[in-house]
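Open the model in your viewer and keep the sequence panel beside it. This tour tells you what to select next and what is there.

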Amino acid sequence: MTGRWSSALLTDRYELTMVQGALRSGAAHRRTVFEMFARRLPETRRYGVVAGTERFLAALENFRFDSETLDYLSRADVVDDATLSWLADFRFSGNIWGYGEGECYFPGSPILVVEGSFAEACILETLALSIFNHDSAVASAASRMVTAAGGRPLIEMGGRRTHEESAVAAARAAYLTGFATTSNLEAGRRYEIPTAGTSAHSFTLLHDSERHAFQTQLDALGHGTTLLIDTYDVTRGVATGIELAGVDLGGVRIDSGDLGVLASQVRRQLDEKGAKNTRVIVTGDLDEYAIQALAVAPVDAYGVGTALVTGSGVPTASLVYKLVARAHGGGAHDPLLPVAKRSIGKPSRGGRKWSTRGLDDSGKATAEYVYDYKPKFGPLERPLLRHLVADGEIVGREPLGEARERHVRSVAELPVSAQRMSRGEPAIPTVFEQRVNA
């Protein structure tokens, strides 16, 4: 094994066979532009959220065909010797632009633009799509949950409902869009996300009584802990918790039943006993709709698992990665010619794109403008593309906190219609602007 982790085989075989074919035809070195975008949003979404940029840049940095990787490709007869030789020296040397992580996007938004030779740009397709499709789907769902929560904190706790590495990525995407904490310790270590968690029903069942379990937890974790009160009887659980911890009990968690009714019942019981500062936390198959339905209930925080890590019914952002421009020859300065698919139901728009968010005088978004030429941006347009990779060097890295702040600004910029949970059109239209030839 090599000392450095390689992401080079996180790809599809046909990307390498295309490189082999293009090397034979001489087209591998033609300058090209690929773009990643969504043709449409899910019916229930008014906007999408870009997530995964930092993870993609980290994977790109490790996209190297080391000796072990090359040996596998040779043994499996995936590509010929000439292609293996090219892969051995592969380093992405082109340019990449992208929407800032946490930014909202809309149908046709060019959220990633990759410019380089055909061989080095096409080979990144699966890597980019696998990361951005997963993370953006989770972030888009998480953002709606944050909106539905109306300022109440959300805990990400879906690690046991998905692949172990997907769980870490999902926790990051949730935090990016406003979740307060995660139960996933690897996400906490890797991305410095605050973690939270106390006990499950098994802890209560392990002990001889609920009282014994609660006392043990309070002794171990202090009176600021949160007790899980629905293993047996909720009313009795609250009474026992307050009897043992007094009014300093940090919180109680309800994980089953009619959460709205039980939350009101528990809140009254806590208040009657003087525990007015004890938080009521609800968990158990929550999604954005359930959270919104609980808006009038006396709930202090929500824990979300399955719905979050599966994109709340939309497990992929349906992003695609398409060739939109290519040079006719192999020269570095040959002009780029637009190319586009005409497939029924899967068309693409040719030509390199630039995009801006149109704003009104109050700073609210009015449209997503996508240009097929580099425009002069007006005072009421906010440019959306950031330089991420310049001549092969990564230049667009940023702390997760900055992306988190960007998301807050981007959502606040959208019209009120963006907050609706019902089916409908995107919050703002996408307007494609074409150069008018004289």
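Buried means under 20% relative accessible area, exposed means over 50%, and partly exposed lies in between, with a 1.4 Å probe and protein chains only. Helices (H or I, at least four residues) and strands (E, at least two) are DSSP runs, numbered from the N terminus.

This is a predicted model: local features need pLDDT of at least 70, side-chain atom pairs count only at pLDDT 80 or more, and totals for chains, interfaces and linings use all residues. Residues are numbered from 1 along each chain as its sequence is written, and side-chain values use heavy atoms, leaving out hydrogens and water.

**The whole chain**

The chain has 15 helices and 19 strands. Its C-alpha trace spans about 80 × 60 × 35 Å along the principal axes. Of the 438 residues, 52% count as buried. Contact means heavy atoms within 4.5 Å. Among contacts between residues at least 6 apart in sequence, 74% join residues at least 24 apart.

Two strands pair if DSSP finds at least two bridges between them.

Axes here are lines fitted to C-alpha atoms, for helices over the stretch in contact, and angles run from 0 to 180 degrees between N-to-C directions.

Move to strand 1 (residues 31-38) and strand 5 (residues 112-117). Six bridges pair them in the antiparallel sense. Met-36 stands opposite Leu-112 of strand 5.

Next, pick strand 3. How many of its five residues are buried? Five of the five are, leaving strand 3 mostly covered. Strand 3 pairs with strand 5 over four antiparallel bridges, and Ile-96 stands opposite Val-114 in strand 5. Strand 3 also pairs with strand 17, again antiparallel and over four bridges. There, Tyr-99 has Leu-385 of strand 17 as its bridge partner.

Strand 15 (residues 365-371) and strand 19 run parallel, joined by four bridges. Find Val-370: its bridge partner in strand 19 is Phe-432.

**Helix 15**

Show helix 15 (residues 400-413). Which residues of helix 15 are buried? They are Leu-400, Ala-403, Arg-406, His-407, Ser-410 and Glu-413. Turn to the face away from the buried side, and you find the exposed residues Val-408 and Arg-409.

Bring in helix 7 (residues 164-176). Its axis and that of helix 15 come within 8 Å and cross at roughly 50°. That makes helix 7 oblique to helix 15; angles under 35 degrees count as roughly parallel, over 145 as roughly antiparallel, 65 to 115 as roughly perpendicular and the rest as oblique. At the meeting point, select Arg-172, Tyr-175 and Leu-176 in helix 7. They meet Leu-400, Ala-403, Arg-404 and His-407 in helix 15.

**Strands 8 and 9**

Jump to strand 8 (residues 226-228) and strand 9. They run parallel, with three bridges between them. Thr-226 has Gly-251 in strand 9 as its bridge partner. In strand 9 (residues 251-254), Gly-251 and Arg-253 point one way, Val-252 and Ile-254 point the other way, and all are buried.

**Last stop: Ser-183**

Ser-183 is in the loop between strand 7 (181-182) and helix 8 (185-191). Ser-183 is partly exposed, at a relative accessible area of 36%. Leaving aside residues up to four places away in sequence, Ser-183 touches Glu-156, Met-157 and Ala-196.
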